[in-house]
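Please open the structure in your viewer and keep the selection tool at hand. The tour below goes from one selection to the next and says what is there.

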Amino acid sequence: MGNFFNEYLKTTDDRLLSKWTQYFDIYTRELTRFRARPISFLEIGVFRGGSIPMWKAFFAEDARLCFVDIDPACAALALPGTHVEIGNQADPAFLADLAAQHGPFDVILDDGSHVCAHQVASFENLWPHLADGGLYMVEDCHTSYWPGFGGGYRNEASWIEYAKRLTDRMHSWYTDQDTLFPFDPIAKELHSVRFYDSITVLEKRVKAEPPATVYAKNGKVTLSRRALEVRGRKSAFAGKDGT
C-alpha cells in the first residue's frame, strides 16, 4: 500500500472510505507526479464522502478538487476548497456544463455507478476536457464481468471490452486495412491504456507529429515516417510533410 495512503487511513474520521486494497499502490504509482502543482481533479462518485478529505490531503493545497454524485444529499459533504456537483455521469449536457465550469482536468477518476454504459458515456464526454499530459482512471472495472452492471465475460458493451478497443484505436496509425480498421483520430492523443487489477488508466499526450522511426549509426541520428506514408497515414496531420 502506498506510504501516504497507509498513513492517511489511520487518520480518517466518521466519513466512510471504501476502496480495494490494491488501489492505493496504483494511486501512488500513477498520481504522485501530480502532487507538486495545483492541478484540477475530478472524481465521479461521492458515496459517503470519505475520499474528499483523502484527495484534499494528497494533492497540493491550491489544487482544484471537484466531485460528482447523482445523490443530492452528497452536496452537503463538500469541504472548504472543494466542490460537489449533483448530476448524472451519463448525461452529456450535465458533463458539458461541468467541464465548462471546472475543466480542463488534469486527472479524472470514475468511481461512480460502475455501470458499463455510464463509464463509457463519461469517458466519451469528458476525454476532450482532459488536459494534455492528464490521466483518465476508471475504477471497479470488475463490474465489466457482471451482467447486472451491463457487463459479462467478453460482452462488447462492457467497459473492459471498450478499453480493449481503445488500444486498437491507439494503434490505428500502423494498419493498412483501411476498410476493416480505418485511422482513428484518438490516436493523435491517446498515449497509453494501462490495465491494473480493476483499474484502467488512460493517459493523454497530444502528438504534434505522427510517430517516427529513429535510425542511429556512427553517431548520426535520422527520423523517418516512411512506414506511415506507405499506409497513407501521413495525411492524418494536415500540413505536415511527414518526413
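Select the lining of the largest pocket, whose residues divide into nine nonpolar, twelve polar and seven charged, where Ala, Val, Leu, Ile, Met, Phe, Trp, Tyr, Cys and Pro count as nonpolar, Asp, Glu, Lys and Arg as charged, and the others, Gly among them, as polar. This is a predicted model, in which local features need pLDDT of at least 70 and side-chain atom pairs count only at pLDDT 80 or more, while totals for chains, interfaces and linings use all residues. Residues are numbered from 1 along each chain as its sequence is written, and side-chain values use heavy atoms, with hydrogens and water left out.

About 470 Å³ of space lies in the largest pocket. Of the 28 residues that line the largest pocket, Gly45, Phe47, Asp111, Gly112 and His114 are the closest to its centre. A pocket here is an open set of points on a 1 Å grid over the protein atoms alone, where a 1.4 Å probe fits, with protein on both sides within 12 Å along at least five of seven lines, and lining residues have an atom within 4 Å of a point; the volume is the space filled by probe spheres set on the points, which are joined across faces, edges and corners.

Next, select glutamate 203, which is found in strand β7 (residues 199-204), a strand being a DSSP run of E with at least two residues, numbered from the N terminus. Glutamate 203 is buried, with a relative accessible area of 5%, and buried means under 20% with a 1.4 Å probe and protein chains only. Show the side chain of arginine 194 as well, since a polar contact of 3.0 Å joins it to the side chain of glutamate 203; such a contact is a pair of N or O atoms within 3.5 Å, of which, within protein, one must be able to donate a hydrogen and the other to accept it, and residues adjacent in sequence count only if both atoms are side-chain atoms.

Terms used:
Helices (H or I, at least four residues) and strands (E, at least two) are DSSP runs, numbered from the N terminus. Buried means under 20% relative accessible area, exposed over 50%, partly exposed in between (1.4 Å probe, protein chains only).
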